[in-house]
Amino acid sequence: MNTKNNKRRKASREKIESVFYELIQTRELNQISVSEICKRAKLNRTTFYVNYADVYALADAVRLSLENAMDEMYREDRERGVNSHDYLRLFRHIAENQMLYKTYFKLGYDQEHKVVRYDTQLAKEHFDNRFIEYHCEFFKGGLNAIIKIWLAGGCRETPEELYEVIQSEYRGRLNDISPASET
């Protein structure tokens, strides 16, 4: 494919995804049709089907897009085998990509794939290897809940302010948690 067609395809995908983000905020996935997306995006159905098999494939592409962005954001940390605990990076990404994250949560992908990964080895040290599974779920669920509330409010607080909330809640235990997709 030549560059012109690549740009056109990228622009088409962006239009489709933008309309999808808008629609999914007020509807369930099974209530969204390819026809409606195409009409609102001012694209032919053929253009949609060149990019996605159906609305469910579009939803999966949105999920994959976020998860790939998260993986890339923390790739260097993983390669070095460290947890940077850089929640500012995560919160800035969320603030810059609010509709993507709102869509991710609306589709319920956070139930399968948490935005936050818990470092169980450090948790075992902090909690004397007791009730680790409970600690993990508590922190992952809590952080996802905070992110959802922040998104619902339009990310009014700055990423730095949200990070302060996290720091005050976890009182130095940020070493147990790492902003990345669950392993």
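Which residues does D110 touch, not counting residues up to four places away in sequence? They are Y104, F105, N144 and K148, where contact means heavy atoms within 4.5 Å. D110 is found in helix α8, residues 109–112, and D110 is buried, with a relative accessible area of 3%; buried stands here for under 20% relative accessible area, exposed for over 50%, and partly exposed for what lies in between, with a 1.4 Å probe and protein chains only. The side chains of D110 and K148 are also joined by a polar contact of 2.7 Å. A polar contact is a pair of N or O atoms within 3.5 Å, of which, within protein, one must be able to donate a hydrogen and the other to accept it, while residues adjacent in sequence count only if both atoms are side-chain atoms.

The model is a predicted one, in which local features need pLDDT of at least 70 and side-chain atom pairs count only at pLDDT 80 or more, whereas totals for chains, interfaces and linings use all residues. Residues are numbered from 1 along each chain as its sequence is written, and side-chain values use heavy atoms, with hydrogens and water left out. The pLDDT, which is the predictor's confidence in each residue on a scale from 0 to 100, has a mean of 84 over the protein, and 78% of the residues reach 70 or more. Where pLDDT is low, the predicted coordinates should not be read in detail.

The secondary structure comes to 11 helices and two strands, taken as DSSP runs numbered from the N terminus, with helices (H or I) of at least four residues and strands (E) of at least two. From the N terminus on, the elements run α-α-α-α-α-α-α-α-β-α-α-α-β. Of the 183 residues in the protein, 42% are buried. Among contacts between residues at least 6 apart in sequence, 68% join residues at least 24 apart.

Helix α6 (residues 87–96) has Y87, L90, F91, H93 and I94 as its buried residues. Seen down the axis of α6, these buried residues fall within an arc of 155°, so they line one face of the helix; the arc is that of the directions from the helix axis to the C-beta atoms. At the start of α6, a side-chain oxygen of D86 reaches to within 3.3 Å of the backbone nitrogen of L88.

Most residues other than glycine have a negative phi. K42, in the loop between α2 and α3 (45–51), has a positive phi near 60°, and K42 counts as exposed at 74% relative accessibility. C155, in the loop between α10 (132–152) and α11 (159–170), likewise has a positive phi, of about 55°, although C155 is not a glycine; at 11% relative accessibility, C155 counts as buried. Another cysteine, C38, counts as buried at 5% relative accessibility. With a disulfide defined as a pair of cysteine sulfur atoms within 2.5 Å, the count comes to zero disulfides.

Finally, T26 lies in the loop between α1 (3–24) and α2 and counts as exposed at 68% relative accessibility. The C-alpha atoms of T26 and K106 are separated by 9.4 Å, although the two residues are 80 residues apart along the chain.
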